[in-house]
Protein chains: 2
Amino acid sequence: MTILRNRPSAGSPERGIPDATVARLPVYLRALNALTEQGIGTCSSNDLAAQAGVNPAKLRKDLSHLGSYGTRGVGYDVEYLRYQIALEIGQNQDWDVVIVGVGNLGSALSAYQGFSTRGIRVAALVDSNPERVGTTISGIEVSAMADLKKVVAEREISIGIIATPGEAAQEVADRLVEAGITSILNFAPALVQVPDNVDVRKVDLSIELQILAYHEQRKAGEAS
Amino acid sequence: MTILRNRPSAGSPERGIPDATVARLPVYLRALNALTEQGIGTCSSNDLAAQAGVNPAKLRKDLSHLGSYGTRGVGYDVEYLRYQIALEIGQNQDWDVVIVGVGNLGSALSAYQGFSTRGIRVAALVDSNPERVGTTISGIEVSAMADLKKVVAEREISIGIIATPGEAAQEVADRLVEAGITSILNFAPALVQVPDNVDVRKVDLSIELQILAYHEQRKAGEAS
DNA sequence: TCGTGTGAAAGTTTTCACAGCA
DNA sequence: TGCTGTGAAAACTTTCACACGA
């Protein structure tokens, strides 16, 4: 889903964490937070893997891409590891995002509790519907599409979320790119075309259910 | 994310489509629908791959797991292929789902247009908050948690969606399993433990953004 | 001739199993 | 002794490239 070049990258001895690992680092971060809340200061790869729902060997391999932050025979210091992972994935700074489309989904996203604790701050809302412009949702005033560029520049936003119907998605993506956005999370059920320097990830709510339905059907067919 | 056994399976000569392929079949279905809307009756793997945003060789390999539905030198009949894929992933029947938790996200999901056209029907809403029980959202009356089992049985629902806060997720999952649900889509930012015969898929909205933030950070660090 | 279907190669991810360090 | 870090094996996925059939 993501367009990405795994640059071995600038200066540093060797960078380039595998995609599969990157996708799990936020999960480990969440697991570490849970351990902290439980008052646990040190954990083994088994403990953390159980908390994160992965295989311990995979966890160790993943962490080995970041460096050696554990102690043999002991395990990992929860707080230290949390800090190192956060550093790696840019979680010790806040990321401002703009949500385009404040229908049901966009509104739900702007109120989503999970973002703020993960360093994601919904900084602006934009909609093409004049009736919605000027209204306030989750404490944020909705701006007009025409003001997108200004809003993005003012608040130095680099991440955009598309929460419009599928038909509008490409147009919105174009506008986001034009406004200077370089990462897009696309909830619209449509592919969007963007320049090479822009990353797009897609979340498709019905596809997830369709995959479940497939397995459900197989289970049902098991009677045969 | 999914727990699944790739059963070579009952009777048939050889079943068991790779996970990666299953995850793309709904995408192909959508692409075929788009072609139909454009009045295109036949397409090559190149055409369809472009529409779906994948590599043509991958598309052909994926389709080869279902059977030989193309014609060499010609391509695929759009309608016929659509039908075959729909058959494979159980898309020619409607799937009733129950959504647990009608906060912002649950409400947005119950109104989500993308479901109905993909054979997903939101058949019931359930919430633990007494103030929400009895209210109507998107034309559906919200039921109490205590009635979950009854509702699931009455409407023969096999798929459940968890749209509650993380703390409630495990409790809800247990209730769903108890009620007879065998597939769960979990939007709560928490892992849930279920028996082996139940499939769970997880959609984590903030993780997607955190992955984008990671890439964004790398891009920013490129100046070095 | 053209484009599918598919073996075989390349690449990626996961898992195993154990050397090595605290 | 116990658990990390990691090579090497296994599994899975993607891509290539071409034989084959309409």
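How much area is buried between chain B and chain A, and what share of it do carbon and sulfur atoms give? Before the answer, a word on conventions. This is a predicted model, in which local features need pLDDT of at least 70 and side-chain atom pairs count only at pLDDT 80 or more, while totals for chains, interfaces and linings use all residues. Residues are numbered from 1 along each chain as its sequence is written, chains are lettered from A and ligands numbered from 1 in the order in which they are written, and side-chain values use heavy atoms, with hydrogens and water left out.

Now to the answer: about 6100 Å² is buried between the two chains, chain B and chain A, and carbon and sulfur atoms give 63% of that. Buried area here is the accessible area (1.4 Å probe) that two parts lose on being put together, summed over both. In chain B, the residues that lose the most area to chain A are Leu209(B), Gln210(B) and Leu212(B), together 11% of what that side buries. The contact (heavy atoms within 4.5 Å) takes 68 residues from chain B and 69 residues from chain A.

Six salt bridges are counted between chain B and chain A, each a side-chain nitrogen of Lys or Arg within 4 Å of a carboxyl oxygen of Asp or Glu. One of the salt bridges joins Lys219(A) to Asp199(B), with the closest N and O atoms 3.9 Å apart. There are also 19 residue pairs in polar contact between chain B and chain A, both residues at pLDDT 80 or more. A polar contact is a pair of N or O atoms within 3.5 Å; within protein, one must be able to donate a hydrogen and the other to accept it, and residues adjacent in sequence count only if both atoms are side-chain atoms. Helix 9 (residues 205–220) of chain B supplies 15 residues, the largest share of the side of chain B that touches chain A. Helices (H or I, at least four residues) and strands (E, at least two) are DSSP runs, numbered from the N terminus.

Glu216(A) counts as buried because its relative accessible area is 7%, where buried means under 20%, exposed over 50% and partly exposed in between (1.4 Å probe, protein chains only). Leaving aside residues up to four places away in sequence, Glu216(A) touches Trp95(B), Ser158(B), Thr182(B) and Ser183(B).

Trp95(B) leads us into strand 4 (residues 95–100) of chain B, where six of six residues are buried. Trp95(B), Val97(B) and Ile99(B) point one way from this strand, and Asp96(B), Val98(B) and Val100(B) the other way. Strand 4 of chain B pairs (at least two DSSP bridges) in the parallel sense with strand 5 (residues 120–127) over six bridges, and in the parallel sense with strand 8 (residues 159–162) over four bridges. Ile99(B) stands opposite Leu125(B) in strand 5 and opposite Ile161(B) in strand 8.

Helix 4 (residues 78–88) of chain B is another stop, with buried residues including Val78(B), Leu81(B) and Ile85(B). The buried residues of helix 4 of chain B pack against helix 9 of chain A, together with elements of chain B including helix 1 (19–37) and helix 3 (56–64). At the start of helix 4 of chain B, a side-chain oxygen of Asp77(B) reaches to within 3.2 Å of the backbone nitrogen of Glu79(B).
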